[in-house]
Amino acid sequence: MTRLDDQIALNWKELERHPPGDTARADALNSLAVSLRDKFLEANDIADLVEAIALHQLVLDLRPAGHSNRSASLHSLAFCFSRRYNKQGTIADLEQAITFGRAALELRSPGHSGRAVTLYNLACDLRNRFLKLGADGDLDEGIMLHQLALDLRPPGHSDRSTSLHSLALCFSDRYIKQGTIADLEKAITLGRSALDLRPAGHSDRSASLHSLAFYLSERYNKQGTIADLEEAIILGRAALELRSTGHSGRAVTLFNLANDMRRKFQKFGANGDLDEAILLHQSALDLRPAGHSSRSTSVHNLALCFSDRSNKQGTIADLEEAITLGRSALDLRPAGHSDRSSSLHSLAFYLSERYNKQGTIADLEEAVTLGRAALELRPPGHSGRAVTLFNLADVMRRKSLKFGANGDLDEGISLHRSALDLRPAGHPDRLMSLNQLVNCLSSRFEKLEAAADLDELISLRRAILDLHPQGHHDHPKSIDKLLFLVRKRIQRHDMAADFDECISLGRSVSESGEARNPGRATSFHTLVTDLRSRFRENISDVQEAHSDHAVSLHKLLIYVNDHIDDGDVAPVVGAIVAIARAALKLCSTGHPDHVMSLAAFASLLRRFRQRGAVADLDEVVILYQEVLEVCPSGNLASASHLHDLAQYLSEVHQASHVGRSGRCHQVRTSGIGAATSRSP
């Protein structure tokens, strides 16, 4: 027998000495109830607590309103009902605890020696009801009561660290529910203060280390400050050292530390961090056997880690393990479970990934089924709705690629649009949603060529370009793709606004260092046709051309092609030729557009020669000759260029003959012979 067993036996004998009606019976009952309560706290036998509650209720009956010890009985009953709720989870017990706690507090007005502990216990019970039912008012009241209790426990008070710790928990709960960063900051501040009051050797130090690690991890999730994650890991490791095998809090500390190591892996990509996370999750799972309330959470998070490792290393065994664990977690989360949607969503993702690797249709079909089920459990307002919409849309697109059904693609587009609506400007996943919606719409436009799809694609490409500003490594690519779509619409509708956009995008490129990249030359050539239509009324733009940028060449080409017959080009010939030569350097030998650039330059000079504005005639021959040397023999393009050269030489010959009659502009013919002698 233990000391408490001996004390209980003595208390029973004492009670027998005070039969009903005896003035000391209430005290004897109370002593026995307290002993039984303490025995429950030591041995965790619910029968002891049940008996203690029955005895405390008898005591309360003997201490009516006005009795000096009535508040003590109310307080004790509240405490016992609260403990039975913690043991069995019956909400009626928690309601009783709160009722008796309020009654006790009314009798323990300011100045009463027991007011602080009653405030504290009632605050804890209200927090527990919040955790059970989710009513914000309970948590707000719990915070207020904890703050009042803390005021009655000034520095130096033996229970001050307990009040600081519990108040921090409440602020953390409110942050998780409402997302107010100020609440999380208060939790961190209070958590640090509690830890300072619990030095090495303190029985509750591990609880403070564990909780502060959790708060910092949450702030990392919110703000992304790596120092918070690093500190959370340090504190988590320290807590784990104090929670050795057999400690009741070891499993949750293993679990939280595993989550932090996974986050570190996601940040830095170190395989060792993910491997450690898997080991920690497996250790936590071992401490949460079948029937444990948190087993499904451990199974679910371990599956996530195996999925991450499969994505990183490509190992199919890890993906198979993720699927197996995902199914186990789903089995533990039946209809009505608060986390069922998470398991449905994750398992759908794992199966989709296996389909990508192995192409098994059954995986794709099941991924669709699970994704739809997850979406039903994530209505508008659910924090996970956007990612479920996105993933389901991606699966529907894959299905359309496999079977070619327009309906699947249409659904994928609709789902991606809904996901994008939930990822407004500033959302970290907005760009991903924009890109995937573009992919889906592009697939449909390629099949159906609907004008509405093209309009939407252009709008989406503009939004992507906004997220790829000048200097971003994808800025040139985004401009190219937008230009391609706008030009496609020009071919259909010939809208002035689209011409202006092409010009604006071209200028944006030409004014940046990107224009000097040889890869940019191709996109400039595509602007020629578009710009021609907009520059007919704006010849002065030629004067604004910068001598280093290929886009200037196109303006000049348009000027020549559309206006050479309208007036004297002599004042700008020097600038035109200099710019054209500079632009030609962008398409040097070996560039896929080299031949086109040479031919364009030759054509430009030829047009000037026809207007009598250029004297260096043999350069045209040299350019055409280089075109023919580069262009493969027998190629249709080669024949065309050969024809252009022959026609040009004929024009030069005629001009030379006419010149002898004084009817031609003065030209230098001394170089013509040398040039023609090299012609084929």
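Reader: What makes D45 a cap of the N-terminal end of α3?

Author: A side-chain oxygen of D45 lies 3.1 Å from the backbone nitrogen of A47. A polar contact is a pair of N or O atoms within 3.5 Å; within protein, one atom must be able to donate a hydrogen and the other to accept it, and residues adjacent in sequence count only if both atoms are side-chain atoms. The 3.1 Å of D45 is therefore inside that limit. The model is predicted, local features need pLDDT of at least 70, side-chain atom pairs count only at pLDDT 80 or more, and totals for chains, interfaces and linings use all residues. Residues are numbered from 1 along each chain as its sequence is written, and side-chain values use heavy atoms, with hydrogens and water left out.

Reader: How do you know that the reach of α3 is close to what is expected?

Author: Helix α3 covers residues 46-61, which is 16 residues, and its first and last C-alpha atoms are 23 Å apart, against 22 Å expected. The expected span is 1.5 Å times one less than the number of residues. A helix here is a DSSP run (H or I, at least four residues; strands are E, at least two), numbered from the N terminus. The whole chain comes to 31 helices and 0 strands.

Reader: Which residues of α3 are buried, and what covers them?

Author: The buried ones are D48, L49, A52, I53, L55, H56, V59 and L60. Buried means under 20% relative accessible area, exposed over 50%, and partly exposed in between (1.4 Å probe, protein chains only). The cover includes α2 (25-43), α4 (70-88) and α5 (91-107). An α-helix has 3.6 residues a turn, so residues three or four places apart point the same way. In the chain of 680 residues, 49% count as buried.

Reader: Why is N44 called partly exposed?

Author: Its relative accessible area is 42%, so N44 falls between the 20% and 50% limits. N44 sits in the loop between α2 and α3.

Reader: Why is L216 called buried?

Author: L216 has a relative accessible area of 0%, which is under the 20% limit and therefore buried. The residue belongs to helix α10 (residues 205-223). Contact means heavy atoms within 4.5 Å. Apart from neighbours within four places in sequence, L216 is in contact with I188, R192, D228, E231, A232 and L235.

Reader: Which residues of α11 are buried, and what do they pack against?

Author: In α11 they are D228, L229, A232, I233, L235, G236, A239 and L240. They pack against α9 (181-196), α10, α12 (250-268) and α13 (271-286). Helix α11 itself (226-242) has 17 residues and reaches 25 Å, close to the 24 Å expected.

Reader: How do you know that the span of α12 agrees with its residue count?

Author: At 1.5 Å a residue, 19 residues should span 27 Å, and the end C-alpha atoms of α12 are 27 Å apart, so the two agree. Helix α12 is also mostly covered, with 14 of its 19 residues buried. N259 touches H281 and N301, not counting residues up to four places away in sequence.

Reader: Why does H475 count as buried?

Author: Its relative accessibility is 5%, so H475 is below the limit for burial. H475 is in helix α22 (residues 475-493). A polar atom of its side chain lies 2.7 Å from the backbone oxygen of H468.

Reader: How much space lies in the second largest pocket, and which residues are closest to its centre?

Author: The space is about 570 Å³. Of the 22 lining residues, F79, R83, Y120, N121 and C124 are the closest to the centre. Helix α6 (115-133) gives the most to the lining, 9 residues.

Methods. 1 Å grid on protein atoms, 1.4 Å probe; cavity = no way out; pocket = protein on both sides within 12 Å on 5 of 7 lines; lining within 4 Å. Points joined across faces, edges and corners; volume = space filled by probe spheres on them.
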